[in-house]
Amino acid sequence: MTVKKYLLNASVALAMSAIAGHAAAECATDSLPASMEGPDGYPERALTMIVPYGPAGGSGQVAQAMAEAVTGLTDVSINRDHKPGGSGTVGMTAYMAAPADGYTVLEHIDDAASAHALDSTKPNPADDLIPLVTSQITFSQIYIRTEEDRFTDWNSFVEWVKAQDGKATIANVSKEGSMERVTMKFITDATGMQIQQISFDKGAPRYGALAGGQVDALFEQPGDVRSFLDAGKFKPILTILKEAPDAFADVPDLVDAGLDFEPLLRFRGFYVNAGAPEDRVEWLKWAFQKAYCQEDYQAYNESKFMTLIDSYRDTDGSKELITETVAQYRAVYKTMGLEVK
Amino acid sequence: MDAFNNFLTGTVTLFSDPIGILIFFGGVVGGMLFGAIPGVSMLTLAAILLPFTAHLSPEHGIMLFSVIYCTGVYGGAITAILFNIPGAPENAPTAFDGYPMTQNGEAGKAVGAAVMCSAIGGVASCIVMMAATAAIADWAISAFGPPEIFALVFFGLAVAASVGAKSFWKGWLSIMAGLMIAVVGLDPVGGLERYNFDMPYLAAGIHFIPTILGFFAVSEIFVQAEKKATGSYNAPKLSVDFPTFKELWQHKIAVVRSAIIGFFCGVLPGIGATLAAFMGYNEAVRWSKDREGFGKGKMEGVISSETANNAATGAAMIPLLALGLPGGALTAMMVGVFQMHDMEPGPLVFINSPDLVWVVFAAMFFANLSILLVGFLEAKTIVNLLRIPFQYLAPLILLLATVGAYAVRGLTIDVVVMFVAGVAGFFLRRSGYSVAGIVLGLILGKIGEQTFAQAMQMLHFEFSGFLGRPIALGLLIAGFITILASIYGAFFKKVPASSSAG
């Protein structure tokens, strides 16, 4: 590791420590009561959490971390039921078919909002479900290999891509209407560059494609490539936020790069069916929101770079985030010529 | 020499810790048992254990999973041989010749060959893994992109089509049927729904585990039940005679070839042991002077498949540990174990946690060796399951297969898929089609479609782009030559393609 890389890593670590210290000092739900009685003895048995993705990915891990935090807080067991497939469709369908009795909760990501934006017959996470808590909110970045010598920063990357006449490549999850594809449209429209997006639905082959030089750049969230950043293998050249967080202060943000669009965020949260009994929903809100500030959960979020920006939304904040996101996607889909149902 | 010293240090660390020894042997036995019980697999055990690894040290947690990986891949061979039920997709080719060997009264020889060759394949790949993990990982990801992986899949399908069924056309139709099933669900690039008939559950596609359970286990029960009903049922002859050293030595070239194939497939992220086993088996058939003997109980078939799939286990650890890139479901769970301990697999693991890496390497080495000891003891007892009368064994297998199909995703449709595949497999096998070809088409079809789409995007939708990638071009040419050779064999030499129990 060169001295420069070491200093960069050290500065990131220091910034992280400062943020962690701040997070330990005060947390979003500290003001909630330390305990709460469930209505009429509820819950009398273990809860079930439907997770529409596999256990090893980001959703599987956050589901486990949150389930353990809730159990640690309340002594109520939570069985996780993974139903992967169809970009979250299978899990959502299974959840909507489960009894709305407050014993089954759902983990889901912003894909549920974009799916509803594209097809309004699919459940709206802000109306058909009640968000208990949004516990992870993160942003995206563009990465290149640290050893790359054809370009070294955002400006030289844009110039190089333009010179390739559409032959430059970037790895991402370019599913129709996805956050990645929409954001890339914003970027290519704003810069005038043409870049071929290569679709990788799984993380490992996507990161391997950049590490092995199969593609020129990578679109990803920092928590997912933290090991590559810590090892000095990848480096971010653009932070897709209007104001970069302190940990990435030396990476250009949208304002620095002269890109004028509203960034889309990746978020993960926990939901209950809107038809569930109101008093049970209130208890679930308390349990999941309070669990967000449990020490173990905060440590988990920190390890995943999920404390760089405000990662917490309560029920109303989550509804607002989802509603804004749906509106934003719908507007973009129309300009992209996608059929919005 | 450094590697050897590190290995010794890892071995001492592993065996000087009583809890470590306990976890090691727990993993060895657990992996074998869950691999051997029809309907569950090493993945089931790993998923159950995943949350508990938070309470273990990182060394113990990762070591446990790597041991389960080695012995679980072997364990699935037992049921493939005894009951035609592959414990996992990577054991499917083992059943092609292993089950006919059981029917021929050679169950002991088949199990013995699987034990011996699983251990050889696993130990060989461990040695290469210990010697050159970082260098191999860097080479694999820079030399093998989507175009090369697609070309590899194409070559694998071309070889499989020519060896699986009773005729050229039936071989290809079986593969094509598998490819058609593979396109059900979301397309891997644009996320568009295909052939799901507005059924949300079908949007996730047809999973290959219920399909394998249906085509192999359920259809086999139907076949045996028909024989029982018509009075032509013969109980498999029980035998615990293991192969002699001389018998195994005759297949030394097959072992070396399959170990190389297995290692090569295992090191590619997202490919792993399943393709390794099929490729190992297919190449054994292709290079054999007695191609017609495959599928009828040839020991070389078991040897090739089992050497290759265990050789893939050590290789799959290379991209995981060196780059943080898991190759399959179990290695993806290992990433979860790392992360539970605030660690990420990847280049920093070698710098920050060399002790952990070498304890894992030593554990995998000894887990593969232990297959020899525990495997022989286990095999001597499990073969006795054949004593259970069919009318009692069949419902038990059906029950376990049903649980296994449902457990994959907790979806009833997977149980339906299993029984539909069972009925279809019953009739297809009678007609000389290859159910193994269908399963291979399904498994490789998903990988092939995705990598083809990615390759086309990378090559700017120009086929000529393959000309500039020598490895991809070489594999495509090899695939076309294989197809031409099978056409020549089928239509000009008037020698039918080999038949198979598949």
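Biologist: In chain A, which helix has the lowest confidence and which strand the highest?

Modeller: This is a predicted model, where local features need pLDDT of at least 70, side-chain atom pairs count only at pLDDT 80 or more, and totals for chains, interfaces and linings use all residues. Residues are numbered from 1 along each chain as its sequence is written, while chains are lettered from A and ligands numbered from 1 in the order in which they are written. The score, pLDDT, is the predictor's confidence in each residue, from 0 to 100; helices (H or I, at least four residues) and strands (E, at least two) are DSSP runs, numbered from the N terminus. In chain A, the lowest mean, 44, belongs to helix α1 (residues 3-25), and the highest, 96, to strand β5 (residues 141-145).

Biologist: Over which residues of chain A is the pLDDT below 50?

Modeller: Chain A as a whole has a mean pLDDT of 86, and 92% of its residues reach 70 or more. The stretch below 50 has 17 contacts in the model beyond near neighbours in sequence. A contact means two C-beta atoms, placed from the backbone, within 7 Å. The stretch covers residues 1-24 of chain A.

Biologist: What is the order of the five strands in the open sheet of chain A?

Modeller: Strands pair if DSSP finds at least two bridges between them. The pairing in this open sheet is mixed. From one strand to the next, the twist averages 30°. The order is β7-β6-β8-β5-β9.

Biologist: Why is one side of β7 and of β9 in chain A left without a neighbour in the sheet?

Modeller: Look at where β7 and β9 (234-239) of chain A stand: at the edges of the sheet. One side of each is left without a neighbour in the sheet, because each has a single partner strand.

Biologist: How many bridges join β5(A) to β9(A)?

Modeller: The two strands run antiparallel. One pair across them sets A:Ile144 opposite A:Lys235 in β9(A). The bridges joining β5(A) to β9(A) number five.

Biologist: In β8(A), which residue is the bridge partner of A:Ile142?

Modeller: Strand β8 (residues 217-220) of chain A runs antiparallel to β5(A). Three bridges join them. The partner of A:Ile142 is A:Phe219.

Biologist: How many Å separate the centres of domain 1 and domain 2 of chain A?

Modeller: Domain bounds come from an automatic or database domain assignment. Chain A is divided into domain 1 (24-137 + 265-336) and domain 2 (141-248). Taken over C-alpha atoms, their centres are separated by 29 Å.

Biologist: Which element gives the most to the side of domain 1 of chain A that touches domain 2 of chain A?

Modeller: The contact takes 15 residues from domain 1 of chain A and 13 from domain 2 of chain A. On the domain 1 side, α4 (111-118) and α11 (315-336) of chain A each supply at least two residues. With four residues, the one that gives the most is α11(A).

Biologist: Which element supplies the largest share of the side of chain A that touches chain B?

Modeller: Between the chains, 39 residues of chain A are in contact with 42 residues of chain B. Elements of chain A that each supply at least two residues to this side include α2 (58-74) and α7 (203-211). The largest share is six residues, from α7(A).

Biologist: Is B:Phe461 buried or exposed?

Modeller: B:Phe461 sits in the loop between α19 (435-458) and α20 (470-491) of chain B. Its phi is positive, about 60°, although it is not a glycine. Because it has 10 C-beta neighbours inside 10 Å, B:Phe461 counts as exposed.

Biologist: Where is A:Pro43 found?

Modeller: The peptide bond from A:Tyr42 to A:Pro43 is cis, with omega near -5°. A:Pro43 is found in the loop between α1 and β1 (47-51) of chain A.

Definitions and conventions: A residue is buried if 20 or more other C-beta atoms lie within 10 Å of its own, exposed if 12 or fewer, and partly exposed in between; C-beta atoms are placed from the backbone. Axes are lines fitted to C-alpha atoms, for helices over the stretch in contact, and angles run from 0 to 180 degrees between N-to-C directions.
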